[in-house]
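Hello,

Here is the structure I promised to pass on to you. Have a look at it first, and then read my notes below.

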Amino acid sequence: MPHPRTRFRALVVALTAFVITTSGATAAHAAPSASELKKKIDAASEKLEDVTEQYNKLRLDLKGTKAEAAKLEASLKPAQDALATATAKVQTIATTSYMQGRTGAMTVLVSGDSETMLERLAVLDQIAKSNQRDIKSFTETTTTFAERKAALKLTQDKQTAQVGELAKRKKSIEGDLEKLYDMREAAYGSATEDTGSYTGEIPDIPGSAGAAVTFAFNQIGKPYGFGDAGPNSYDCSGLTSAAWAKAGKSLPHNAAAQYRATARISKSDLQPGDLVFYRNNQHVGIYVGGGKIIDAPSAGRDVLHRTISIMTPNGYGRVK
């Protein structure tokens, strides 16, 4: 079966042939201008990046849910062992009560001489308290075990739902990518651009920020890939998280989560290695000095070294 993009190109050729046979005025009306195509591509790219960052957030949520499920699983074994111990004690109490009968305690109380009566009474009181503790422990342990089991079931159900949602989002994004690549091919003659690797001088920056910045420079020219954090392709938050991972710092693979994980600074305080956030934390780049950032722009475009003013930033963050 022909690839969707192949069918799209065939359709473009057929439409072009049809337009050629019609009047010049009709052809002019049918073909969008280069600026109109660029606007459509930019709008589609932004929308797709928003969905990609939502996808990345969902993956983070799923990771958290899996960790929660693992913790609950680990807690079930000791809870189950404690329940078995408490159950055995309660069963012993029940068996003893049955064997003694209802008059067992009275028999103990009235047997023997009066000199040992108080001592026997004290012993029975201790037995009653001990039994009560065992019964209380059994009740609490049973409740704890049941609650953890129920929580694990809810967590596993949530995890299943998240996996299903991820699959749907991935399929939707892949469909949107096809449309975007087709639009870029119609406008620019190629579905993707090739800007080449960076050949300039990499600034010498000390410390962990220097390691992150150097890494980012070495990724210039690599393609955008939704949900990717390298080593061959990146989305915006994947690039910044990979850069700081090289410096030994862990950042979540999501622009909004990176905003929350970093310390707020002003533009005047910006230093190489700091993160620059755009479009209400739907896009992020790493500041590398000289008024420039390195970022993974959008599908079809390579990692770029460009001005910080690609759009108005909405915030700046320093990795803690």
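Ile41 sits in helix H3, which covers residues 34-100; helices (H or I, at least four residues) and strands (E, at least two) are DSSP runs, numbered from the N terminus. Ile41 is buried, as its relative accessible area is 1%. Here buried means under 20% relative accessible area, exposed means over 50%, and partly exposed is in between, with a 1.4 Å probe and protein chains only. Leaving aside residues up to four places away in sequence, Ile41 touches Leu180, Met183, Arg184, Ala187 and Tyr188, where contact means heavy atoms within 4.5 Å. From C-alpha to C-alpha, Ile41 and Ala187 are 8.9 Å apart in space, although 146 residues separate them in sequence.

Two notes on how to read all this. This is a predicted model, in which local features need pLDDT of at least 70 and side-chain atom pairs count only at pLDDT 80 or more, while totals for chains, interfaces and linings use all residues. Residues are numbered from 1 along each chain as its sequence is written, and side-chain values use heavy atoms, with hydrogens and water left out.

Next, the second largest pocket. Its volume is about 370 Å³. A pocket is found on a 1 Å grid over the protein atoms alone: it is an open set of points with protein on both sides within 12 Å along at least five of seven lines, whereas a cavity is a set of points where a 1.4 Å probe fits but cannot get out; lining residues have an atom within 4 Å of a point. Grid points are joined across faces, edges and corners, and a volume is the space filled by probe spheres set on the points. Of the 17 residues that line the second largest pocket, Asp42, Ser45, Ser298, Arg301 and Arg306 lie nearest its centre. H3 and helix H5 (117-188) are the elements that give two or more residues to this lining, and H3 has the largest share with six residues. Sorted by class, the lining has nine charged, five nonpolar and three polar residues. In this sorting, Ala, Val, Leu, Ile, Met, Phe, Trp, Tyr, Cys and Pro count as nonpolar, Asp, Glu, Lys and Arg as charged, and the others, Gly among them, as polar.

Now find the sheet. It is open and has six strands in the order E1-E6-E2-E3-E4-E5, with antiparallel pairing; two strands pair if DSSP finds at least two bridges between them. Strand E1 (263-265) and strand E5 (304-307) are the edge strands, each pairing on one side only. On average, neighbouring strands of this sheet are turned by 40 degrees against each other, direction ignored.

Strand E3 (residues 283-289) and strand E4 (residues 292-295) are antiparallel and share three bridges. Ile286 stands opposite Ile294 in E4, and Gly289 has Lys292 in E4 as its bridge partner. Two residues lie between the strands in this hairpin, where Gly290 has a positive phi near 65 degrees. On to the next pair: E4 and E5 run antiparallel and are joined by four bridges. Arg306 in E5 is the bridge partner of Ile293.

Which helix lies across E3, E4 and E5? That is helix H6 (residues 207-218), which runs at about 110 degrees to E3. Helix H7 (residues 236-246) also packs on the sheet, touching strand E2 (275-278), E3 and E4, and its direction makes about 45 degrees with that of E3. Axes are lines fitted to C-alpha atoms, for helices over the stretch in contact, and angles run from 0 to 180 degrees between N-to-C directions. H7 is mostly covered, with nine of its eleven residues buried; among them are Cys236, Leu239 and Trp244. After H7 comes Gly248, with a positive phi near 85 degrees.

Finally, some backbone details. Most residues other than glycine have a negative phi, and most peptide bonds are trans. Gly230 and Pro231 are joined by a cis peptide bond, with omega about 0 degrees, and Pro231 lies in the loop between H6 and H7. In the loop between E2 and E3 you will find Arg279, whose phi is positive, near 45 degrees. Asn281 belongs to the loop between E2 and E3 and has a positive phi of about 65 degrees. Arg279 counts as buried at 17% relative accessibility, and Asn281 is buried with a relative accessible area of 11%.

Enjoy exploring!
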